[in-house]
Amino acid sequence: MTQKKKYVVALAVAVAIYIIMDSKKTAGKVTYAQIQDQLFKYLALGWETFIPKAKWDFAQYSIGYGEGWNWDKNRKVQAGDVIDEPTARRWFIKSAEKYFNYVNDIVKVPVTENQMVALTSLTYNIGPGSLLKGTGIRGSQIIKDLNAGKPLSEVVKGFDRYTTAKDIRTGVRSVLPGLIRRRNSEKALFLKK
């Protein structure tokens with residue numbers, strides 16, 4: 001085989017590998033529309049129980065499917081706010097898309113749909129935060145490790161950092177068994193093929 005033929009074969013193999021890898025990992029190509037139903041089933045029906053009347057939830061009042069923003073009144077949810085299920089679903093879809101977009105903007109490597117759902121779920125729960133302050137998903141070790149190309153088995157360890165909540169009224173930070181279960185579920189989904 002001539003050198004030119006070896007080069008062409010090697011290039012063809014490289015292109016084939018890229019196409020196969022790209023079909024499994026689609027950074028920047030996973031759209032919110034692709035994962036919207038999966039995200040609603042995973043998050044709203046799996047973790048965020050429908051609550052028709054606002055209740056205090058550590059750092060804010062929450063309503064519907066864990067929503068802290070009243071989309072109809074363009075303000076934070078307040079004590080006394082009430083919501084029906086169709087409105088809660090509509091608000092969830094708006095918030096989930098907002099958090100998906102945060103994740104999509106900061107992830108710089110190829111990811112699967114399951115990984116986007118897991119990262120969006122985490123962001124929905126902890127917030128986008130600030131890269132400069134190292135808070136929320138923007139400043140998380142998860143995103144730093146993911147973008148650095150570390151093995152996924154290392155990346156998922158970062159989910160374990162988000163198992164506590166601080167009640168801003170009392171100043172008390174507590175490990176919550178529900179957050180431990182949620183993080184374990186997100187890690188499993190993140191690693192799922």
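Which charged end sits over the ring of Trp56? The charged end of Arg169 does, at 4.0 Å from the ring centre, where a charge is taken to sit over a ring if NZ of Lys or CZ of Arg is within 6 Å of the ring centre and within 35 degrees of the ring normal.

The model is predicted, with local features needing pLDDT of at least 70 and side-chain atom pairs counting only at pLDDT 80 or more, while totals for chains, interfaces and linings use all residues. Residues are numbered from 1 along each chain as its sequence is written, and side-chain values use heavy atoms, with hydrogens and water left out.

**Overall fold**

The protein chain has seven helices and six strands, which are DSSP runs (H or I, at least four residues, for helices; E, at least two, for strands) numbered from the N terminus. Along the sequence, these elements follow the pattern α-α-β-β-β-β-α-α-α-α-β-β-α. Of the 193 residues in the protein chain, 37% are buried, a term that stands for under 20% relative accessible area, with exposed meaning over 50% and partly exposed in between (1.4 Å probe, protein chains only).

**Aromatic pairs**

The whole structure holds 10 aromatic pairs, in which rings of Phe, Tyr and Trp (its six-membered ring) have centres within 6.5 Å, and planes under 30 degrees apart count as stacked, over 60 as edge-to-face and the rest as tilted. Two of them share Phe92, as the table sets out.

| Pair | Centre distance | Plane angle | Class |
|---|---|---|---|
| Tyr65 and Phe92 | 6.4 Å | 75° | edge-to-face |
| Phe92 and Tyr124 | 5.3 Å | 55° | tilted |

Tyr65 lies in the loop between strand E2 (61-64) and strand E3 (69-70) and Phe92 in helix H3 (residues 85-106), so their pairing ties together parts that are 27 residues apart in sequence. Tyr65 is buried at 5% relative accessibility, Phe92 is buried at 1%, and Tyr124 is buried at 8%. One aromatic cluster is formed by Phe40, Phe50, Tyr65, Phe92, Tyr99, Tyr102 and Tyr124.

**Gln115 in helix H4**

Helix H4 (residues 113-126) also contains Gln115, which is buried with a relative accessible area of 5%. A polar atom of the Gln115 side chain lies 3.4 Å from the backbone oxygen of Phe190. Apart from neighbours within four places in sequence, Gln115 is in contact (heavy atoms within 4.5 Å) with Pro110, Leu152 and Phe190.

Terms used. A polar contact is a pair of N or O atoms within 3.5 Å; within protein, one must be able to donate a hydrogen and the other to accept it, and residues adjacent in sequence count only if both atoms are side-chain atoms.
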